[in-house]
Amino acid sequence: MSSSDLSGSLIWAALAATALYLTWLHSTSRSRLPLPPGPRQLPFVGNLFDMAARPWEVCMEWSKKYNSDIIHVNLAGTRVIVLSSFEASEALLEKRSSIYSDRPAFPMVNDLMGWNFNLRDEWRIHRRLFNQQFNMVASSSFSRVQRTAAHSLLRRLLDNPAGFRDHLKQMAGEVIISVTYGIDVQPVDDPYVALAENAIKSLSNARVPGRYIVDSIPILKYLPAWFPGAQFKRIASEGRFLSQAVRNVPFAETKRRMGSGEATSCFISKALQDLESGKRHFNESTVKNVAAAMYAAGAHTTVSALSTFILAMLANPDAQKNAQLEIDSVVGRGNLPHFGDKQAMPYVAALVKEVLRWGNVLPFGVPHVLAVDDEYRGYRLPAGSVVIGHVWAILHDEIAYPDPHAFEPKRFLLDDKIYPRVRDPQSAFGFGRRSFRI
């Protein structure tokens, strides 16, 4: 070896040694950082038994108790980081999304109930397919479908006001099933609407943190259903039946209609036509999975938001009166507004924002998993931690929204216009990439 080669090797060795030392020094200093504050833990189970029926309220109390918008709890060995402010959620889940985009295993939901078609690693492909195909469908028919369903809802409310909850389910089902599968639902007791309602209720119950011990101790998923304490296996069996029905039943009907020439333009028909023509790089299973996610999620969240709207109007007649006066001033008394009237109705727009803020549909955002060790505000965040945006706390922040438990649309207005300095409640939809505002 020449002297120049030897010198070069020594230089590279020195650089490598320096890099290794700096890496070790950084990891050592990070490991010395404390975890975020949190409640006292019991051996083995941690804080598993501290999670009450309404865990979002418990987490809110812990944030106040420890004066921290980032807290740490241990659910039988699973580290959970709860982010209770918009700033912390945006800093980690949005700005550092490259290391916060993994999804937790959720043995109850994924392995036992069969929802892994929706929550597994292919979710990025699912999102891309949704954006490509749904935007094309929505631009041509979504507004028309929504308007038709809304008018039908109003007629049903006039005929039977007491059945408003069923009417809302029917309307939400009409919209999402038509756009996704091109299926016209029955006026009452539609089987597709009922299927979506039952399936998403089962899923929502299973996704509450700490509700099922199998999520914290995954090996329990191998217990037989008859084993004492394994009631979760029987619940999971019912959930699996529903999840598979949501995935397969309406999809099969749309394919049947396509084969017989009866199909109308919808998400499924457009995606499968693109697949057959070779325009897209996905498979039929992906189309089926994305459609099922749209079907299940769309029906549930719409009903929840509209139910909150009705509650808010009953409890706040002045808000209802102000909204009606604005609508009448724009379209005339006795007429119904169109989507094009939105810009002329700032109070109604503010009311929609307040509905989503005041009674947000989901108290927690979709759980994320931290891929590598991280640090934030002097706290150590270990790799593998489940990280959750605490949406309920964020939308009831007393600083961003004074008197947060009051229903007050005017908080979003200044001089009869939407006030952009008041934080938009888009956190109601969770955290991650999105291309819309409320």
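## Basis of the model

The model is predicted; local features need pLDDT of at least 70, side-chain atom pairs count only at pLDDT 80 or more, and totals for chains, interfaces and linings use all residues. Residues are numbered from 1 along each chain as its sequence is written, and side-chain values use heavy atoms, without hydrogens and water.

## Helix 11 and helix 13

Helix 11 spans residues 284–315, and helix 13 spans residues 346–358. Helices (H or I, at least four residues) and strands (E, at least two) are DSSP runs, numbered from the N terminus. The two helix axes come within 9 Å and cross at roughly 105 degrees. Axes are lines fitted to C-alpha atoms, for helices over the stretch in contact, and angles run from 0 to 180 degrees between N-to-C directions. Helix 11 and helix 13 are therefore roughly perpendicular (65 to 115 degrees).

Helix 11 brings Ala305, Thr308, Phe309, Leu311, Ala312 and Met313 to the contact (heavy atoms within 4.5 Å); helix 13 brings Leu351, Val355, Leu356 and Trp358. By class, this contact has nine nonpolar residues, one polar and no charged ones. Ala, Val, Leu, Ile, Met, Phe, Trp, Tyr, Cys and Pro count as nonpolar, Asp, Glu, Lys and Arg as charged, and the others, Gly among them, as polar.

## Two loop residues with positive phi

Asn67 sits in the loop between helix 2 (55–65) and strand 1 (70–75). Its phi is positive, about 50 degrees, although Asn67 is not a glycine. Asn67 is exposed, at 73% relative accessible area.

Ala76 lies in the loop between strand 1 and strand 2 (78–83). Ala76 is not a glycine, yet has a positive phi of about 50 degrees. Ala76 is buried, at 12% relative accessible area. Buried means under 20%, exposed over 50%, and partly exposed in between (1.4 Å probe, protein chains only).

Note on methods. Parallel < 35°, antiparallel > 145°, perpendicular 65-115°, else oblique.
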